[in-house]
2 protein chains.
Amino acid sequence: MPRAWNFSAGPATLPEPVLRKAQSEMLEWRDAGASIVEISHRGPEFMEVAAAAEGALRTLLSIPDDYAVLFTQGGATTQQALIPLNFAAPGQPADYVLTGHWGKTALKQAKPYVATHVSATSEADNFRSIPARDTWQFAADSAYVHITANETIHGVEFRDIPDTGEIPLVADFSSSIASEPVDISKFGIIYAGAQKNLGPVGISVTIVRRDLLERDGQPRADIFDYRSQLKAESMLNTPPTWNWYMLGLNVQWMLDEGGVEAFAQRNARKAQLLYAAIDGSNGFYRNEVEASVRSRMNVPFFLRDEALEKAFLAESKDAGLLALKGHRAVGGMRASIYNAMPEAGVQALADFMRDFAGRHG
Amino acid sequence: MPRAWNFSAGPATLPEPVLRKAQSEMLEWRDAGASIVEISHRGPEFMEVAAAAEGALRTLLSIPDDYAVLFTQGGATTQQALIPLNFAAPGQPADYVLTGHWGKTALKQAKPYVATHVSATSEADNFRSIPARDTWQFAADSAYVHITANETIHGVEFRDIPDTGEIPLVADFSSSIASEPVDISKFGIIYAGAQKNLGPVGISVTIVRRDLLERDGQPRADIFDYRSQLKAESMLNTPPTWNWYMLGLNVQWMLDEGGVEAFAQRNARKAQLLYAAIDGSNGFYRNEVEASVRSRMNVPFFLRDEALEKAFLAESKDAGLLALKGHRAVGGMRASIYNAMPEAGVQALADFMRDFAGRHG
């Protein structure tokens, strides 16, 4: 089949111009005499690719100079283990706000290293909301407060940056980074796996306020040490070069398309289109998330008649709409509509949903 | 420039048919309607790719059933931190045999977690040899003995598997895995970053005797736990899918080319060709490694007249021979001649070396 509209939650659809560029350079990168994936990470060619990617990312996200950028392996989950190791003393308290599956994963990774403290959780209502900031309770001497900016499975997204005062705010931005302007100076640490909005899986980005790197943390291998990684320019060992190169192509594509301001507008229109199709279906479809914190990136929805799920998935696939099955943790359907998903794709999905509801309603 | 003979130590040259296949599938993988890098790791398409890669690797390396295979991120250096965490009690002794730079790296990563004990080291002779097995001293209650099967920088390779009795032998095979038949049952753990003989950087392979997974190890995040990774089929979080796919294509290519027996013969001829060019140069070139442990994968060499190094690098590049500069830790030159380097490439290098010596000798 030809390329379809791909609503996968991550790994996710990539911009076609980026794939075509990577395809054209697969055997020879510029005049290197080899593919970018075959050459030394320490040679001038790849060093240029790496530096250009960081420069473009700094421009795209308006990263202040007093923030370091690390490119790492192991995905966001590895960062969730490394953050307590680097920024908390052994057994020091650290606060976690739980608004979905991934917040719980972050909590789990930290447990061996810190006295985790749940400041607030919306688990009692199945993660359909975000607890009001004034209900959050912080532990004394807390190392940081961790939030998940956007919950990919539950479709819940912070629409305001919570004020945590003197306690550094740490945020998992895996599924919403670069989707709209964000004031990075409000955060201590932002981290994100690349495979939703930044490129291919296999590389992650961690943005750290430099003064936090002065914390001693706790005993750890050098490869787990952010200071060592920063000193080595994220090349303490061989980095995932192709993934880094692809991230750079993606970020440049986002700049060429108008940057985060342009994507914020597109993404708002896309989300509006899809939630309107759901809310206007007279209950044929439903999304249960509190309206004020509905995700602009991941839209989970359920069919009133569960028996129609199989038909919905089969017919949508036939219509060229891929990967709409919801995560097994919640069931139902889910459409992920990251930056690389064009408005035309979301329109096609909304049209299909209306048509399907008309035929089966 | 067109594709040249690329002697990079890693990331390293890949087989051209593999690159062409990846290029042809970059926008659409079979009938998936998307690239392999854009689809869910838990969908049937990628699950098939992942399983096929493991199956092919098991066939290629004759991995016994009582060994598990893990596909992980973070490179060999991360494995060097995870091995003590998973297989040694806190502060338990573990033995390290040092035969070059990478053995020292392994030792460094382990230090925060175990009582590291250097059983033997050839550092006093600048890592030009391997200490005789009967000189090795093991700590009492040692968790394992770690060796580096092939030292990529120093060009020193174990040509026999040392017998460590009841203490499990752990080996970093990053730069020589799949280069010849190896009896895996002699090892407790074999690990390797992919970027020399197995594919692109960004994915590693760890082969573990299953009974060792019953060890408690020490407190660690779930993402650092081999048992959890095995239970999740190396998908505790999103794996680097493109890198895994490329590894599978590379392994299948090695099987199609005749497997490790065929590569052992080719690699012996390639190494012979290059060492003969060095040894037959009347001292114009020299390799200082003890002949019995010279690496078949990485051939470091020096020019008698260091002032000619710049000319050697410039002229070799003009002749289509790339990345011959030695590692900064030892200087001089180095040619890495992994499985994907054809005999014709090594012949071209040997011819160039004779010609260069003739003109400058």
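Trainee: Is A:Lys196 buried or exposed?
Mentor: A:Lys196 counts as buried because its relative accessibility is 11%; buried means under 20% relative accessible area, exposed over 50%, and partly exposed in between, with a 1.4 Å probe and protein chains only. Please note that this is a predicted model, in which local features need pLDDT of at least 70 and side-chain atom pairs count only at pLDDT 80 or more, while totals for chains, interfaces and linings use all residues. Residues are numbered from 1 along each chain as its sequence is written, chains are lettered from A and ligands numbered from 1 in the order in which they are written, and side-chain values use heavy atoms, with hydrogens and water left out.

Trainee: Where does A:Lys196 lie in chain A?
Mentor: A:Lys196 is in the loop between β9 (189-193) and β10 (204-209) of chain A. Helices (H or I, at least four residues) and strands (E, at least two) are DSSP runs, numbered from the N terminus.

Trainee: And which UniProt annotation covers A:Lys196?
Mentor: The unreviewed UniProt entry annotates A:Lys196 as "modified residue: N6-(pyridoxal phosphate)lysine". Such annotations may be inferred rather than shown by experiment; positions are given in the numbering used here, and feature names are shortened.

Trainee: What is A:Lys196 in contact with?
Mentor: Leaving aside neighbours within four places in sequence, the contacts of A:Lys196 include A:Ala9, A:Gly10, A:Thr152 and A:Tyr338; contact means heavy atoms within 4.5 Å. The backbone oxygen of A:Ala9 is 3.0 Å from a polar atom of the A:Lys196 side chain.

Trainee: Now the domains. How is chain A divided?
Mentor: Chain A has domain 1 (17-256) and domain 2 (258-360), with bounds from an automatic or database domain assignment. The contact involves 26 residues from domain 1 of chain A and 25 residues from domain 2 of chain A. These two domains of chain A bury about 2200 Å² between them, 56% of it on carbon and sulfur atoms. Buried area is the accessible area (1.4 Å probe) that two parts lose on being put together, summed over both.

Trainee: How many salt bridges are found across that interface of domain 1 and domain 2 of chain A?
Mentor: The rule finds 3 salt bridges there, a salt bridge being a side-chain nitrogen of Lys or Arg within 4 Å of a carboxyl oxygen of Asp or Glu.

Trainee: What about chain B and chain A: how many residues are in contact?
Mentor: 61 residues of chain B are in contact with 61 residues of chain A. The area buried between chain B and chain A is about 4900 Å², and carbon and sulfur atoms give 57% of it.

Trainee: Which residue forms a salt bridge with A:Arg3?
Mentor: B:Glu38 does, with the closest N and O atoms 2.8 Å apart. Across the interface of chain B and chain A the rule finds 4 salt bridges.

Trainee: One last point: is A:Arg30 buried or exposed?
Mentor: A:Arg30 counts as exposed, because its relative accessibility is 53%. A:Arg30 also has a positive phi of about 45°, although it is not a glycine.

Note on methods:
A polar contact is a pair of N or O atoms within 3.5 Å; within protein, one must be able to donate a hydrogen and the other to accept it, and residues adjacent in sequence count only if both atoms are side-chain atoms.
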